[in-house]
Amino acid sequence: MTDFDLSGFLVQFFDEANERLTSVNRRLVLLESGNLDKEGLAQLCRDAHTIKGSAEMLGVKDISALSHLLEDGVELVRSEKMDSGSHPMTQFLFDLHDQLQERLKYPDTESRLDTSPYVDQFNTLRGLSAKTA
């Protein structure tokens, strides 16, 4: 049995992920300003979900993990009627975006991001959100 060459799929994934992150950024800016409607939130979630799923399928676990946190954070914003512009979760979503954007600059790198600090931070923010709900 021969190994399947994923390199072509990886190139395409990194290109598409960059496009989706541009969409994510536009919507995060709208979220922060309080001008993102329900459909915009849904699209933000779909973009994060698509990046997550594609990364997982291709074995790019760090990107998948950060995208999963992004998706979960957006879902939290969607489910809780929080003032998203001033909520710490909004800044966290921007931070995840920035980390993903930086990681996507280096598709050939062997090193992966340590996602555990982001998981810890998300869990803390989720706990804060639950207390204010």
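**Entry 1: charged pairs**

I began with R20, which is partly exposed at 23% relative accessibility; on this scale buried means under 20% relative accessible area, exposed over 50%, and partly exposed in between (1.4 Å probe, protein chains only). Before going on, I noted that this is a predicted model, where local features need pLDDT of at least 70, side-chain atom pairs count only at pLDDT 80 or more, and totals for chains, interfaces and linings use all residues. I also noted that residues are numbered from 1 along each chain as its sequence is written, and that side-chain values use heavy atoms, with hydrogens and water left out.

Which residue does R20 meet in a salt bridge? I found E16, at 3.1 Å, N to O; a salt bridge here is a side-chain nitrogen of Lys or Arg within 4 Å of a carboxyl oxygen of Asp or Glu. E16 is partly exposed too, with a relative accessible area of 31%. Both residues sit in helix α1, 4 residues apart, about one turn of the helix. Helices are DSSP runs (H or I, at least four residues), numbered from the N terminus. I then saw that a network of salt bridges links E16, R20 and D47.

Next I checked E75 and R78, whose side chains form a salt bridge (3.1 Å, N to O). They are 3 residues apart in helix α3 (residues 61-79), so about one helical turn separates them. I have E75 down as partly exposed at 33% relative accessibility, and R78 as partly exposed at 33%.

My last pair was R46 and E39, with a salt bridge at 2.6 Å, N to O. R46 is partly exposed at 38%, and E39 is partly exposed at 48%. Searching the whole structure gave me 8 salt bridges.

**Entry 2: a pocket**

I turned to the second largest pocket, with a volume of about 220 Å³. A pocket is an open set of points on a 1 Å grid over the protein atoms alone, where a 1.4 Å probe fits, with protein on both sides within 12 Å along at least five of seven lines; lining residues have an atom within 4 Å of a point. The volume is the space filled by probe spheres set on the points, which are joined across faces, edges and corners.

Which helix gives the largest share of the lining? I got helix α1 (residues 7-33), with 5 residues. The lining includes S7, F14, V60, R103 and E110. By class, I noted 5 nonpolar, 2 polar and 5 charged residues. Ala, Val, Leu, Ile, Met, Phe, Trp, Tyr, Cys and Pro count as nonpolar, Asp, Glu, Lys and Arg as charged, and the others, Gly among them, as polar.

Note on methods:
Helix = DSSP H or I, 4+ residues; strand = E, 2+ residues; numbered from the N terminus.
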